[in-house]
Amino acid sequence: MDLLNTLVDKGLRRELPTREEALAVLATSDDELLDVVAAAGKVRRHWFGRRVKLNYLVNLKSGLCPEDCSYCSQRLGSSTGILKYTWLKPDEASKAAAAGLAGGAKRVCLVASGRGPTDRDVDRVAGTIKAIKDQNEGVEVCACLGLLSDGQAERLREAGADAYNHNLNTSESTYGDITTTHTYADRVDTVTKAHAAGLSACSGLIAGMGESDEDLVDVVYSLRELDPDSVPVNFLIPVEGTPLAKEWNLTPQRCLRILAMVRFVCPDVEVRIAGGREVHLRTMQPLALNLANSIFLGDYLTTEGQAGKADLEMIADAGFEVEGADQVTLPEHRAAAGSGCGSHESAGCGSHEGGGVCGTTAPATPVNEARTDLVAVRRRGAGTDLAPNA
C-alpha cells in the first residue's frame, strides 16, 4: 500500500503524517490489518528495537474521588464495589512497588484518586518516592495525582519523581461529554506544568468511549503538540456501575489500528499499552507488541490484569525482550535533548481548537461482544492483605 510506505518513511524521519493519512489507518480493512501492523512495526523497531518496558501501578488512594469522569470506577457516587481506602503509608507503598520491580518493572507509577493533591499530599508522596528509591537503586518513579497547582510539579521533581502522568483522554470537542467537574484545558495545563518543571511528561488517551475516528486523531495530534515522552493508550474497561458500562465498541482489530495510528503520529515516543488490553485485545496482545514498546505489568488501579508471569511469557514468546534497568528507553535524540514525539517545527502539529472534521469518516465499527467475564474488580495488592499480581 502506498499509504503504508509513506507512513513508514515519515515515521523513520519523525515527520508528522497528515490527518487524512492518520484517518486512513483507522479506516483500513481487516484484510489489510497485518500489513498495517508490519508497517508500524518497522517504525517501532527503528526507534526501540525489540525492547518492552515494564511499568507497575501502585494505587496510593482508591475511590473517594469528587470528580465525575464517566469512564472511571473511582468517580463521585461510584457504585462499582471497588476497593476504597485512604493514603497508603510510604512503607506500604514501597512494599507494593517491590513486587512489580521483582517482576521486571523499571518504572513505578504512583497514582492517587482525587481532583488534585494538596501540599500535604505532595509531602506524603515525596516520602513514598524516597522510600521506594532508597530501597531500589535506579528505579524510575512516575506520579499521577490529578491536577497540579503552581509549584507542586517542582516539589515532586525535587523529591525524586522522574515523570508525571496526566492523560488528555479524548478530544477537546468531546471532553465535556465525559467529565463536567474539570475541563480539557485544566488537563493541558497540568501536563504543561510537569514539562516545565523538568519532569518527563506522560499523557495519553482512552479509546472505546463512543468517540469518532476524528476524535481519536484530534487527541493524538494534540498529544504530539504537547510533546510527552510517553503516551499510554488505554482501552475503556466498561466497569459495571459506571455511566459507560454498556460501551463495548472495541474489537481486537480496532485496538491494533488505534495503536498503529498512534505509533505513526508519535514514532519515537514510548507508546504504552495501558488499561484494557486483556479485555479488548485478548489473544491478539502479542501482535500489539509490534506497535507499542511499553506495557503495564500485573493489575491496574481497580481491576485485575493478566498474571505477571503470563505477561513475561507473552513477551518472550513473541520474540521481544524485557528492557533492563540499565537500558535507556528513549532514542538518543530525545533522551539527550528532552524533545517530544516529533519536531516542534513539523507542519500541522495540531492545535487545541478541536472539533474539526479531519477527512473522511471510517465505516462504523461493529459493536464488540460484551465480555464482562474479563472484568474483575481488584481484590489483591495495595489496600489489601493479599499478595499483589506481578
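Tutor: Buried means under 20% relative accessible area. Keep that cut-off in hand for this predicted model.

Student: Why is Cys65 called buried?

Tutor: Its relative accessible area is 12%. The cut-off is under 20%, so Cys65 counts as buried.

Student: How do you know that Cys65 is in no disulfide?

Tutor: Start with the total: the structure holds 0 disulfides. For Cys65, the nearest cysteine sulfur belongs to Cys72, 6.4 Å away. A disulfide needs the two sulfur atoms within 2.5 Å, so Cys65 has no partner.

Student: What makes Cys266 buried?

Tutor: Cys266 has 1% relative accessibility. That is under 20%, so the label holds.

Student: Where is Asn59, and is it buried or exposed?

Tutor: Asn59 lies in strand 1, residues 51–61. Its relative accessible area is 3%. Buried requires under 20%, so Asn59 is buried.

Student: What does the side chain of Asn59 reach?

Tutor: The backbone oxygen of Leu301, at 3.2 Å. A polar contact has a limit of 3.5 Å, and this distance is within it.

Student: Which residues does Asn59 touch?

Tutor: Leaving out residues up to four places away in sequence, its contacts include Gln74, Tyr85, Val111, Leu301 and Arg378.

Student: Why is helix 9 called largely enclosed?

Tutor: Of its 14 residues, 13 are buried, so the rest of the structure largely encloses helix 9.

Student: How does the reach of helix 9 compare with the expected span?

Tutor: Helix 9 covers residues 213–226 and reaches 20 Å from first C-alpha to last. At 1.5 Å a residue, 20 Å is expected, so the two values are close.

Student: What follows helix 9?

Tutor: Asp227, with a positive phi near 75°.

Notes
Residues numbered from 1 in each chain as written. Predicted model: local features only at pLDDT ≥ 70, side-chain atom pairs only at ≥ 80, totals over all residues. Heavy atoms only, no water. Helix = DSSP H or I, 4+ residues; strand = E, 2+ residues; numbered from the N terminus. Buried < 20%, exposed > 50% of the residue type's maximum accessible area, 1.4 Å probe, protein only. Polar contact = N/O pair within 3.5 Å; in protein donor to acceptor, adjacent residues only side chain to side chain. Contact = heavy atoms within 4.5 Å.
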